[in-house]
Each structure stands twice: as structure tokens, then as C-alpha cells.
Amino acid sequence: MNDVLDPAGPQAAQIADLWWLTLWVCVLVFVLVMAMLGWSLWRTPRSDEGTPPEVAPAAAGERRLGWSVGVGIAISSLLLVGLLVASVLTDRALALMPVDNALDVRVTAHQFWWEVVYNDPAPDRVFTTANELYIPVGRPVVVTLEADDVIHSFWVPNLHGKKDLIPGRIATIRLRADRPGEFWGRCAEYCGLQHAFMAFDVVAVAPDRFASWTEAQRRPAADPGDAAAQRGRELFLSGSCMLCHAIQGTTANARKAPDLTHVASRAHLAAGRLDNTPQALAAWITDPQGIKPGVNMPTHFLAADDLTALVAYLGTLK
Ligand code: CUA
């Protein structure tokens with residue numbers, strides 16, 4: 001699923017072509033250089049301390065040497081210019097991907113998670129999620145990239161190359177998935193203690209599935225049915241959770257941490273660090289610093305039944 005050289009769209013395919021071309025040219029050059037080195041070592045005359053030194057100029061040998069150096073420089077320059085041209089052409093092709101009817105998504109990198117906003121001309125249709133990018137197969141996506149704190153880098157190898165997110169600057173990346181699949185996204189720029197665990201899931205699905213996913217994500221959180229989950233919601237809204245997190249449909253609307261309106265629908269927790277299970281969620285709430293040292297989520301001390309109630313409530317947020 002995460003083979004870097006398995007393109008799922010036109011942008012990654014262009015980059016993979018360039019990668020293979022570069023690899024084979026370099027392999028060819030390496031093999032030729034090694035073969036010639038071996039050959040020249042093999043044909044060098046053997047000598048020992050009794051052999052008199054060669055001091056007489058060998059005009060013919062020198063001329064031959066001059067020629068072979070010249071030919072070597074010419075071949076190397078041609079290959080390097082060829083690779084340069086190929087890389088410029090690839091860059092052109094990447095910039096030319098059509099973006100008609102593109103999906104407009106804004107991704108903001110935070111230490112150490114990804115905020116994902118699906119823009120829409122109608123403000124009430126805009127919604128926010130985290131660490132997960134659903135995209136429809138076959139439709140171009142223009143991702144606007146911003147950073148909140150330090151420099152990060154957005155990388156979904158199966159769809160495109162890396163793009164830095166720099167605080168105070170706005171970058172965009174255009175991509176398209178041509179087949180359904182789940183692809184791993186990574187932060188590719190060292191950004192602090194948990195850089196290695198700053199991942200996100202990219203899920204490419206058929207357009208109708210994408211439409212039903214967006215409809216579900218736009219809905220505010222449903223009222224919890226059972227008593228434990230209701231108590232969990234009270235705890236969430238009266239404790240420290242709501243100081244950083246938002247749950248649409250409740251009074252929690254802080255933006256410091258991932259939006260949890262539909263947290264139970266996601267495959268992972270803590271930016272790819274944990275599978276999304278009730279046990280993992282409970283561990284994450286009580287010991288985030290043990291699981292991701294340096295993360296901004298503080299440790300919470302909760303009575304066992306309070307924790308169960310909170311996890312039950314978050315589990316209803318499908
Ligand atoms: Cu964010 Cu590395």
C-alpha cells in the first residue's frame with residue numbers, strides 16, 4: 001500500500017518516470033566506469049622495485065589519453081544535460097495538470113498534526129477534519145498548504161512529490177488519484193520531537209462514496225443516546241478538552257487541536273500514531289506524553305468510570 005514507486009495518479013507517475021530514468025542512467029554510468037576501471041587495472045604493466053622508471057614522454061599514449069578524457073567529458077555532459085532537460089520537462093508537466101472543477105482543500109500543518117478544511121463557495125458547507133484527506137477518484141484536487149508554527153512538508157508519495165509548508169506563506173499542490181486506494185501521507189521536513197509521527201491518511205474513493213462521506217462530515221455531532229455517552233459529553237464540555245478541541249453541534253469550538261466532530265470515523269488517532277480503538281483512545285487521553293513525547297496534548301487524570309464515559313462519548317462521533 002505504501003510503495004513510493006507505485007503511482008496512483010498522473011503527478012506521481014511523472015515523478016516516477018523521471019526517477020526511473022535517473023536511476024537507469026546512473027546505473028549505466030556506474031557499471032561503465034567500474035568496467036573501465038577494472039580493465040585499466042588489469043592491463044597496467046606489472047612492475048617491482050627493480051623495474052626502471054618510465055621517464056621518456058610517450059607522445060602516442062598522451063594523445064590517446066587526451067582523446068579518452070575528452071570523450072568522457074562529452075558523454076558525461078550529454079547525460080547531465082539530458083537529465084536536466086528531463087527534469088525541467090517533468091516540472092512543466094506537473095504544473096500543467098488540468099484543474100477544472102477541482103476540489104478545494106486547505107491543509108494546515110501543526111506540531112504534530114494536520115488540519116484539513118474542505119472549502120465550499122457556500123460557507124455552511126465548509127467543514128473541518130484532521131489527519132485524513134478523502135478525495136474523489138478522477139477529480140483534480142488543489143490543496144492549499146499553510147503552516148501554523150514551524151516548517152513542515154506535505155508528502156503523499158503515491159500522488160505527488162514533497163511540498164514545504166512555511167509559516168506565513170501559502171503554497172499549493174495539485175494532485176489527482178486515478179484509482180481508489182488508501183495512501184500514506186507523511187511530514188517530510190523535520191519539525192520537532194514528533195516529526196516521525198506526523199502522518200495522515202489519504203483515502204481515494206469513487207465520487208459517489210466521496211459525496212456521502214462529505215455529507216456525513218458536514219453533519220454536526222449527533223446527540224449521544226445512552227447515559228454513559230451523555231455523561232462523557234458533559235465531561236468533555238466541562239473539562240479541559242474543549243479548551244483545544246471542537247465538536248460541531250456543541251459549545252466546543254476551539255481550534256488548537258484536531259476537530260473531533262467525526263473522530264470515530266477516522267482510521268487512526270494522534271496523526272497516524274495509533275489505530276482508532278477505544279483502548280488506544282483511552283491510553284491517548286491519559287498518557288499522550290508517553291505515546292508522543294513533546295506533543296501539545298496534556299496528560300489527563302480521570303477516574304476510571306469518567307474515562308470510560310468520555311471514550312464512550314467520543315466513540316459515538318461517527
Ligand atoms: Cu511536521 Cu515534520
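Colleague: Is Phe200 buried or exposed?
Modeller: Buried: in this predicted model, Phe200 has a relative accessible area of 4%, which is under the 20% cut-off.

Colleague: And Trp114, buried or exposed?
Modeller: Trp114 is buried too, with a relative accessible area of 1%.

Colleague: How many aromatic pairs does the count come to?
Modeller: The count comes to 11 aromatic pairs. In one of them, the ring centres of Trp114 and Phe200 are 4.7 Å apart and the planes are at 55 degrees, so that pair is tilted.

Colleague: Where in the chain do Trp114 and Phe200 lie?
Modeller: Trp114 is in strand 2 (residues 113–118) and Phe200 in strand 10 (residues 199–205), so the pair links distant parts of the chain, 86 residues apart.

Colleague: OK, what about the rings of Tyr134 and Trp213?
Modeller: Those are stacked, because their planes are at 5 degrees, with the centres 4.3 Å apart. Tyr134 sits in strand 4 and Trp213 in helix 3, so this pair ties together parts 79 residues apart in sequence. Both Tyr134 and Trp213 are buried.

Colleague: Which residues do ring pairs link into a cluster?
Modeller: Tyr118, Phe127, Tyr134, Phe210 and Trp213.

Colleague: Switching topic, what sits over the ring of Trp155?
Modeller: That's the charged end of Lys162, 4.5 Å from the ring centre. Arg43 lies over the face of Trp39, at 4.9 Å from the ring centre.

Colleague: Last one: at what angle do helix 4 and helix 7 pack?
Modeller: About 100 degrees, with their axes 7 Å apart, so the two helices are roughly perpendicular to each other. Residues making the contact include Leu235 and Phe236 of helix 4 and Leu310 and Tyr313 of helix 7.

Note on methods:
Residues are numbered from 1 along each chain as its sequence is written. This is a predicted model: local features need pLDDT of at least 70, side-chain atom pairs count only at pLDDT 80 or more; totals for chains, interfaces and linings use all residues. Side-chain values use heavy atoms; hydrogens and water are left out. Axes are lines fitted to C-alpha atoms, for helices over the stretch in contact, and angles run from 0 to 180 degrees between N-to-C directions. Helices (H or I, at least four residues) and strands (E, at least two) are DSSP runs, numbered from the N terminus. Angles under 35 degrees count as roughly parallel, over 145 as roughly antiparallel, 65 to 115 as roughly perpendicular and the rest as oblique. Contact means heavy atoms within 4.5 Å. Rings of Phe, Tyr and Trp (its six-membered ring) pair if their centres lie within 6.5 Å; planes under 30 degrees apart count as stacked, over 60 as edge-to-face and the rest as tilted. Buried means under 20% relative accessible area, exposed over 50%, partly exposed in between (1.4 Å probe, protein chains only). A charge sits over a ring if NZ of Lys or CZ of Arg is within 6 Å of the ring centre and within 35 degrees of the ring normal.
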